Each structure stands twice: as C-alpha cells, then as structure tokens.
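User: I would like to learn how to read contacts, cores and salt bridges in a model. Can you take me through them?

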Amino acid sequence: MIKNKRLIPKNDRVIVKPIEESEQMYGSIIVPDMGKERPEMGVVIGVGNGRMSEFGHFIHTRTRVGDIVLIPKIGSIRVEFEGEEYYIVQEKEILATIIETKEEDEEKDSI
C-alpha cells in the first residue's frame with residue numbers, strides 16, 4: 001500500500017493550488033461573481049524541470065515553488081488529489097507572476 005503520495009509535474013508543467021477569493025457579501029446574502037471569467041490566482045506548489053526546444057536545446061523552467069501566479073481558468077487542467085483542488089498548466093500558459101514591491105521601488109518607477 002502506498003502511504004505517501006505526491007503530485008510531481010513533468011516537463012514544463014506547473015502545479016498551482018488556487019487561493020480562495022473572498023466572496024462578496026451584502027448583509028447575509030452571498031453574491032457570486034457570475035458571468036465573468038476571470039483568471040485564477042494560486043500559489044505554485046510544483047514545477048517540472050523544463051522542456052526541449054525544437055532545436056534540441058533544453059529550456060529550464062523559470063517559475064519557482066512559492067510564486068503567486070495568475071492562470072486562465074479555461075484551458076487549465078483541473079485535478080482533485082487527496083481532497084484538494086489543483087490546476088496543472090504549461091509554464092507558457094501562466095499569465096503573470098505577482099510580486100510584492102517596496103514603496104520606495106514604486107516611487108522610482110513612477111514618473
């Protein structure tokens with residue numbers, strides 16, 4: 001019997017655990033955000049090694065475990081593993097990485 005199981009991504013695949021967004025409430029009524037297909041935000045929990053290019057060069061993945069990313073809901077592979085929900089996407093499907101910046105960094109960037 002297998003006791004410890006893990007999801008291990010292959011090639012340039014990335015495993016993302018969704019971050020629960022708070023639902024909007026008005027009094028005791030929960031208002032779901034219907035009709036808007038927004039990207040999913042999540043934390044990267046696994047990253048594959050990379051992939052071979054069409055020219056035979058190995059391309060390492062740049063995404064790291066712990067990164068907070070935005071991925072499209074449509075086109076992502078949703079899996080349930082040991083009662084938890086995860087998304088598996090290719091690294092090129094990641095829309096953005098969210099990083100924290102210091103206020104002094106923001107002042108330098110603004111003109």
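User: Which residues is threonine 63 in contact with, leaving aside its neighbours within four places in sequence?

Analyst: Contact means heavy atoms within 4.5 Å. On that basis, threonine 63 touches Val14, Val44, Val47, Glu91 and Ile94. This is a predicted model: local features need pLDDT of at least 70, side-chain atom pairs count only at pLDDT 80 or more, and totals for chains, interfaces and linings use all residues. Residues are numbered from 1 along each chain as its sequence is written, and side-chain values use heavy atoms, with hydrogens and water left out.

User: Where is threonine 63 placed? Is threonine 63 buried or exposed?

Analyst: Strands (E, at least two residues) are DSSP runs, numbered from the N terminus. Threonine 63 sits in the loop between β6 (58–60) and β7 (68–71). Buried means under 20% relative accessible area, exposed over 50%, partly exposed in between (1.4 Å probe, protein chains only). Threonine 63 has 7%, so the residue is buried.

User: Which residues make up the largest nonpolar core?

Analyst: In soluble globular proteins, nonpolar side chains tend to be buried together. A nonpolar core is a set of buried Ala, Val, Leu, Ile, Met, Phe, Trp, Tyr and Cys residues joined through side-chain atoms within 4.5 Å. Here the largest has eight residues: Val14, Val16, Val44, Val69, Ile71, Tyr87, Val89 and Ile94. At least two residues of this core come from each of β1 (13–18), β7 and β9 (84–90). Take Ile94: leaving aside neighbours within four places in sequence, its contacts are Val14, Thr63, Val69, Leu70, Ile71 and Val89.

User: How many salt bridges does the structure hold?

Analyst: A salt bridge is a side-chain nitrogen of Lys or Arg within 4 Å of a carboxyl oxygen of Asp or Glu. The structure holds five. A network of them links Asp12, Arg13 and Arg51. Between arginine 13 and aspartate 12, the closest N and O atoms are 3.8 Å apart. Between arginine 51 and aspartate 12, they are 3.7 Å apart. Arginine 51 lies in strand β5 (residues 50–52) and aspartate 12 in the segment before β1, so this pair ties together parts 39 residues apart in sequence.

User: Which partner does glutamate 40 form a salt bridge with?

Analyst: Lysine 73, with the closest N and O atoms 3.8 Å apart. The pair links distant parts of the chain, 33 residues apart: glutamate 40 is in strand β4 (residues 40–47), lysine 73 in the loop between β7 and β8 (77–81). Glutamate 40 is buried at 10%, whereas lysine 73 is partly exposed at 37%.

Technical notes:
Helices (H or I, at least four residues) and strands (E, at least two) are DSSP runs, numbered from the N terminus.
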